[in-house]
Structure formats: structure tokens, C-alpha cells
Amino acid sequence: MSIREVNITEYFDQALPLMRLNWEETGFNFEFNPNKQFYENAQAQGFLFALAAFEGEELVGYSTAFISPHQFNPAMKYCATDALYVRPQNRSGTIGGRLILQTEQAALKRGANFISWHTRAGTSLASTLRRRGYLAGDAVMMKEF
């Protein structure tokens, strides 16, 4: 099993089935319709990076994160993760933890001072992040129009 940073352009179509499974588990109440061009542009401009976990050549998990200067203080670089997903049959090992660690390392390499993960309270991801030193932050309130 290996984890490496990838170009989204090359792996988007392979990741799409995993993205759909991720959406079914954690998505919001609107249609799953990812914009490949958006991801490609964001990565090309340096605002997004992606890590992929492979078993042989098969994609079994991924992490994506946006990184940018914070709007209130450009000296602070903020990494906001977009997604973390490991397919269910690969969750009993270390893939998820390794994706978290390598996402942190990639963010640090890009100069990030902060990193955040969006997760629902009470999930295994929330518990994992707490064990890794993360603190619960703001509650996200949403309203559909």
C-alpha cells in the first residue's frame, strides 16, 4: 500500500466512484455533481493538493485540501481539507491515519500554519482527529434556499 501526491487531472475519473461513495456517507442534501474543471484549475493555481492511497495500482482512498492565505491575515496560511475517504474494505488498517499525517505534512510543506477537517460530531474521524491533537472548533450551521 502506498500514498502519494497526485495530479487530479490524471486520477479524477478513477476517484469518481470513491467520491460518490463518500458523498453517500457524508454528503449534503443536494445532488452529487463534482466539477472536474474546478478541481483541475484549483490545483494548477496551487490552491488545492490531492493525495491518493493505492493498493497496487488500485485507488482505495484519497485526501484533498485547499490551501491559501487567511483572509484576515495573509501572513497566516490556512489549509482546509476538502475530503478524506477510504473505501470500507480498507478501513481496518492504517490508510486513514496515514492520509491524515501526509495531508498535514503536505500542508506544512506549503507553509500552512493551521489545518482543519470538516467532520460530523460523533464520527470515527472526529475521534481519530481528537486523538491526534485536534480540537473541536466552530459549529457549522447551514440553511438551504
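Visitor: Where in the chain is confidence lowest, and where is it highest?
Guide: Confidence is lowest in helix α4 (residues 124–131), at a mean of 90, and highest in strand β2 (residues 48–55), at 97. These are pLDDT values, the predictor's confidence in each residue on a scale from 0 to 100. Across the chain the average is 92, and 100% of the residues score at least 70. The model is predicted, so local features need pLDDT of at least 70 and side-chain atom pairs count only at 80 or more, while totals for chains, interfaces and linings use all residues. Residues are numbered from 1 along each chain as its sequence is written, and side-chain values use heavy atoms, with hydrogens and water left out.

Visitor: What makes β2 and β3 a pair?
Guide: Strands, which are DSSP runs of E with at least two residues, pair if DSSP finds at least two bridges between them. Eight bridges join β2 to β3 (residues 58–70), therefore the two strands pair, and they run antiparallel. Phe54 has Leu59 of β3 as its bridge partner.

Visitor: Why are β1 and β5 called edge strands?
Guide: The open sheet has five strands in the order β1-β2-β3-β4-β5, with mixed pairing. β1 (2–6) and β5 (114–116) each pair on one side only, and they are the edge strands.

Visitor: How do you know that helix α1 packs on the sheet?
Guide: Contact means heavy atoms within 4.5 Å, and α1 (residues 8–26) touches β1, β2, β3 and β4 (73–86). The direction of α1 makes about 95 degrees with that of β3; such angles run from 0 to 180 degrees between N-to-C directions of axes fitted to C-alpha atoms, for helices over the stretch in contact.

Visitor: Why is Thr81 called buried?
Guide: Buried means under 20% relative accessible area, exposed over 50%, and partly exposed in between, with a 1.4 Å probe and protein chains only. Thr81 has 11% relative accessibility, so Thr81 counts as buried. This residue is in strand β4.

Visitor: What makes the Thr81 side chain and Ser116 a polar contact?
Guide: The definition asks for N or O atoms within 3.5 Å, one able to donate a hydrogen and the other to accept it; residues adjacent in sequence count only if both atoms are side-chain atoms. A polar atom of the Thr81 side chain lies 2.9 Å from the backbone oxygen of Ser116.

Visitor: Which residues have the most contacts inside the largest nonpolar core?
Guide: They are Val6, Ile8, Met19, Phe54, Leu59 and Tyr62, in a core of 18 residues. Six residues, the largest share, come from α1.

Methods. Helix = DSSP H or I, 4+ residues; strand = E, 2+ residues; numbered from the N terminus. Core = buried A, V, L, I, M, F, W, Y, C linked by side-chain atoms within 4.5 Å.
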